[in-house]
Amino acid sequence: MNRNMRLIFYSFFVGVQFLMSRPVFAAENDLALEIDAVFSKWDRQDTPGVAVAVIRDGQIIFSKGYGSAQLEYEVPIGRETVFHVASVSKQITAFALTLLEGEGTLSLED
């Protein structure tokens, strides 16, 4: 796996761990400030980035892009950026299933 993919995976998992460790935010503004702080070191055009969306009660309460979607041309990540994840989605799906199994929502034997 190349350096850019490692950084993307790292930022994804940091984001998931951050969001899971925060049960309730006092206000949406506090949420934005805390997420901005987590992703601040990737919020430059010369670093691979990440798109973040937080959904509460079926509604998107926060969405923002950080960093670059395309390093060579410094294309920023935005709310509407399309990611062509190809076979990378298998690892993300496995991670999500493991989280659900840990919560007791499903069994890996299902």
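Modeller: A polar atom of the T47 side chain lies 2.9 Å from the backbone oxygen of W42. This is a predicted model, so that distance is computed from predicted coordinates. T47 sits in the loop between helix 2 (28–39) and strand 1 (50–56). With a relative accessible area of 8%, T47 is buried, because the cut-off for buried is under 20%. Leaving out residues up to four places away in sequence, T47 touches K41, W42, G67, S68 and L71.

One of those contacts is S68, and it is the next stop. S68 belongs to strand 3 (residues 68–70). Its relative accessibility is 4%, so S68 also counts as buried. One includes R44, Q45, T47, P48 and G49. The other includes E74, V75, P76 and I77.

Take the run with R44 first. The side chains of R44 and D46 meet in a salt bridge, 2.8 Å from N to O. R44 has a relative accessible area of 41% and is therefore partly exposed. So R44 is partly exposed, while S68, which it touches, is buried.

Now the run with E74. E74 lies in the loop between strand 3 and strand 4. Its phi is near 50°, a positive value in a residue other than glycine. At 45% relative accessible area, E74 is partly exposed. D57 also has a positive phi without being glycine; there the angle is near 55°. D57 is in the loop between strand 1 and strand 2. Its relative accessibility is 75%, so D57 counts as exposed.

Back to salt bridges. A search of the whole structure finds two. R44 with D46 is one of them. D36 with K64 is another, with the closest N and O atoms 3.0 Å apart. D36 is in helix 2 and K64 in strand 2, so this pair ties together parts that are 28 residues apart in sequence. D36 is partly exposed, with a relative accessible area of 25%. K64 is partly exposed as well, at 28%.

K64 leads on to R79. The two are 15 residues apart in sequence, yet their C-alpha atoms are 5.4 Å apart in space. Not counting residues up to four places away, R79 touches S63 and K64. R79 lies in the loop between strand 4 (75–76) and helix 3. With a relative accessible area of 62%, R79 is exposed.

Helix 3 (residues 89–103) holds L97. L97 has 36% relative accessibility and so counts as partly exposed. Together with L100 and L108, L97 forms a nonpolar patch on the surface. The three have about 250 Å² of accessible area together.

Now set these details in the whole chain. The secondary structure comes to three helices and four strands. From the N terminus on, the order is α-α-β-β-β-β-α. The chain has 110 residues, and 24% of them are buried. T47 and S68 belong to that buried group. Among contacts with a separation of 6 or more, 43% join residues 24 or more positions apart. The accessible surface is about 7,700 Å², with 56% belonging to carbon and sulfur atoms.

How far does the confidence reach? The mean pLDDT of the chain is 78, and 75% of its residues reach 70 or more. Among the elements, strand 2 (residues 59–66) has the highest mean pLDDT, at 90. Helix 1 (residues 3–21) has the lowest, at 52. Over residues 17–26 the pLDDT is below 50. Beyond near neighbours in sequence, that stretch has 11 contacts in the model. Where pLDDT is low, the predicted coordinates should not be read in detail.

Conventions. Residues are numbered from 1 along each chain as its sequence is written. This is a predicted model: local features need pLDDT of at least 70, side-chain atom pairs count only at pLDDT 80 or more; totals for chains, interfaces and linings use all residues. Side-chain values use heavy atoms; hydrogens and water are left out. Helices (H or I, at least four residues) and strands (E, at least two) are DSSP runs, numbered from the N terminus. Buried means under 20% relative accessible area, exposed over 50%, partly exposed in between (1.4 Å probe, protein chains only). Contact means heavy atoms within 4.5 Å. Accessible areas come from the Shrake-Rupley method with a 1.4 Å probe; for residues, only the protein chains shown count as cover. pLDDT is the predictor's confidence in each residue, from 0 to 100. Patches are made of residues with over 30% relative accessible area and no salt bridge: like charges are joined within 9 Å, nonpolar side chains (Val, Leu, Ile, Met, Phe, Trp, Tyr) within 5 Å. A salt bridge is a side-chain nitrogen of Lys or Arg within 4 Å of a carboxyl oxygen of Asp or Glu. A polar contact is a pair of N or O atoms within 3.5 Å; within protein, one must be able to donate a hydrogen and the other to accept it, and residues adjacent in sequence count only if both atoms are side-chain atoms.
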